[in-house]
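Please look at the sequence and the three-dimensional structure shown here before reading on. The report is meant to be read with both at hand.

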Amino acid sequence: MTTTLIRGGRIVTAVDDYIADVFIEDEQIVSIGLNLPAGPDTQVIDAAGMMLFPGGVDCHTHMENTFGPSVTADNFHTGTRSAAFGGTTTIIDFALQNHNTSPLQAIERAQSKADCTANIDYGFHVIITEVDKRVLEDMRYAIRHEGVSSFKMFMAYPGTVMSDDAAIFQAMRMVGQHGGMVALHAENGTIVELLIQEALAQGHTSPRYHALTRPAILEGEATHRGIKLAELAEAPVYFVHLSAKEALKHVVEARDLGIPVFAETCPHYLFFDESAYAATDEEDSFDAARLVMSPPLRSKEAQNALWTALKTDDLQLISTDHCPYCLKEGHQGKINQKPFGKDDFSKIPNGVPGVETRMTVVYDGGVRSGRISLNRYVELMSTAPAKLFGLFPKKGTIAVGSDADIVIFDPNEQHTISAATQHSDCDFTLFEGHRVQGKVKKVLLRGQLLVSDDQWVGKTGQGRFVARGEVGKCW
Ligand code: URP
Ligand code: ZN
Ligand code: ZN
């Protein structure tokens with residue numbers, strides 16, 4: 001048995017804030033108290049002056065995900081290492097079902113990529129692109145027997161991953177009966193596609209047209225439709241990467257009526273707005289390719305509404321949608337990255353990195369700036385995603401019996417974010433040059449130190465698949 005004692009840290013959970021020692025035996029926290037004794041072989045970590053947070057849970061990442069001709073720049077090894085440096089100890093990634101793959105095969109395939117390479121714990125949502133009797137039965141089986149209880153469906157990207165309303169409704173009805181939940185990418189895909197074709201026909205090929213062809217009203221429309229389908233199916237529903245006020249409004253209305261609707265937003269929507277596209281100026285500038293994610297950045301007003309909603313629990317959590325593509329073709333041998341859309345914005349792979357910066361930028365820009373409380377921060381970063389996605393109380397808190405996934409955080413240390421000092425295989429961060437206060441100093445995963453003072457000290461590949469329980473129940 002190995003034992004670790006973390007001495008004198010300020011333990012912050014979603015509800016508590018106090019100074020105590022944490023004693024860990026093997027993988028779990030076994031006691032919390034004052035002046036706990038160390039055994040002769042106990043590893044002792046002095047955490048005086050530090051905050052202790054439960055390890056971050058990021059329930060929206062894309063490691064080694066293939067979308068069309070492009071594969072995301074991080075695999076499970078690099079992406080989870082990057083996550084750990086940022087204080088995240090559990091991710092929920094994606095397993096893609098398509099016409100060649102059943103949901104259960106998709107899970108198996110995703111498992112084979114993560115197994116022995118992931119450095120933190122992980123689970124999967126299955127991306128469902130086709131629905132029939134067999135697929136529905138697989139979904140039921142995945143919830144009940146595989147610990148995979150959430151399924152992403154796209155209302156956008158026609159011709160590739162988009163599902164029609166009937167497919168979404170059938171999936172919702174099935175998973176709702178078995179403790180699962182559908183997570184929706186809500187944009188009206190057919191109208192977006194029409195606007196894209198019109199822009200291209202007029203010769204508008206530069207990346208800022210990505211944003212101009214995905215207006216907020218189409219996110220609002222799809223969100224409303226998704227809520228109605230879920231209401232009819234009597235199932236909970238989760239909206240990924242919510243960005244628009246027009247979408248938020250429907251989530252708030254539904255929640256006020258007691259309908260189980262949940263939503264996340266992402267750091268890029270909280271710290272950047274649509275003026276960043278205009279700042280890239282010229283019609284033919286490719287600079288805006290770094291800002292090509294879906295949905296795109298919205299107005300400053302929308303951004304303020306998102307912050308308010310995080311405070312009032314109209315939005316339940318912050319995930320990264322870490323979906324990295326390099327700005328430079330060939331970086332680390334990656335191909336079909338952002339420059340793939342050099343002459344046609346619709347071919348730029350959609351997505352931005354963020355898994356390493358989430359906990360720091362939200363601490364600095366959320367807690368320090370007075371937008372959210374410290375307890376709410378922990379709830380958004382760790383507890384709420386763990387509860388909503390069936391990981392709690394194994395993950396998401398610092399408590400006796402929980403996994404010893406702990407972040408030792410210095411609330412006073414300042415540093416400057418740069419891709420050069422990050423650990424992702426992606427060659428940029430949206431936060432390049434941002435000076436922030438608050439730094440992840442040490443990270444433990446199930447009692448094992450992974451990161452200590454900017455050094456990787458863990459064994460590699462010791463992340464484990466976490467079978468999840470019922471989801472969408474924290475209501
Ligand atoms: O632009 C994005 N969000 N790319 C990742 C895929 C998705 O829709 O989540
Ligand atoms: Zn999406
Ligand atoms: Zn995503």
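The text below goes through the ligand and metal sites and then turns to some features of the chain.

This is a predicted model, in which local features need pLDDT of at least 70 and side-chain atom pairs count only at pLDDT 80 or more, while totals for chains, interfaces and linings use all residues. Residues are numbered from 1 along each chain as its sequence is written, chains are lettered from A and ligands numbered from 1 in the order in which they are written, and side-chain values use heavy atoms, with hydrogens and water left out.

The residues around ligand 1 are H60, H62, K152, F154, H185, H241, M293, S294, D321, C323, N350 and G351, where a residue belongs to the surroundings if one of its heavy atoms lies within 4 Å of the molecule. This shell divides into 3 nonpolar, 7 polar and 2 charged residues; in this scheme Ala, Val, Leu, Ile, Met, Phe, Trp, Tyr, Cys and Pro count as nonpolar, Asp, Glu, Lys and Arg as charged, and the others, Gly among them, as polar.

A backbone N or O atom of S294 lies 2.7 Å from an oxygen atom of ligand 1, and a backbone N or O atom of G351 lies 3.4 Å from an oxygen atom of ligand 1. From H241 it is a polar side-chain atom that lies 3.4 Å from an oxygen atom of the ligand. The protein covers 98% of the 260 Å² of accessible area that ligand 1 has on its own, an area that comes from the Shrake-Rupley method with a 1.4 Å probe.

| Ion | Coordinating residues | Distances |
|---|---|---|
| zinc ion (ligand 2) | K152 (NZ), H185 (ND1), H241 (NE2) | 2.1 to 2.2 Å |
| zinc ion (ligand 3) | H60 (NE2), H62 (NE2), D321 (OD) | 2.0 to 2.1 Å |

Along the chain, the donors of the zinc ion (ligand 2) follow the spacing K-x32-H-x55-H. H185 lies in strand β12 (residues 181-185) and H241 in the loop between β13 (237-239) and α8 (245-256), so the pair ties together parts that are 56 residues apart in sequence. Helices (H or I, at least four residues) and strands (E, at least two) are DSSP runs, numbered from the N terminus.

Are H185 and H241 buried or exposed? H185 is buried, with a relative accessible area of 1%, and H241 also counts as buried, at 2%. Buried means under 20% relative accessible area, exposed over 50%, and partly exposed in between (1.4 Å probe, protein chains only).

The donors of the zinc ion (ligand 3) follow the spacing H-x1-H-x258-D, and both H60 and H62 are buried. Why is the arrangement around the zinc ion (ligand 3) called tetrahedral? The 4 donor atoms subtend angles of 89 to 123°, and four donors count as tetrahedral if all angles lie between 85 and 135 degrees. The zinc ion (ligand 3) and the zinc ion (ligand 2) are 4.1 Å apart.

## Features of the chain

S294, whose backbone contacts ligand 1, is joined to P295 by a cis peptide bond with omega of about -10°, and P295 lies in the loop between α10 (275-278) and α11 (300-312). A cis peptide bond also joins F392 and P393, with omega of about 5°; P393 lies in the loop between α13 (374-388) and β16 (406-416).

E234, in the loop between α7 (216-233) and β13, has a positive phi near 55° although it is not a glycine, and at 70% relative accessibility E234 counts as exposed. D453, likewise not a glycine, has a positive phi of about 45°; D453 lies in the loop between β18 (448-452) and β19 (455-456) and is partly exposed, with a relative accessible area of 40%.

Helix α12 (residues 358-368) is mostly covered, with 10 of its 11 residues buried, among them R358, Y363 and D364. The helix α12 is followed by G370, whose phi is positive, near 80°.

Conventions: Polar contact = N/O pair within 3.5 Å; in protein donor to acceptor, adjacent residues only side chain to side chain. Donors = N, O, S within 2.8 Å, 3.2 Å for Na, K, Ca; no water. Tetrahedral: all angles 85-135°; square planar, octahedral: opposite > 155°, others 65-115°.
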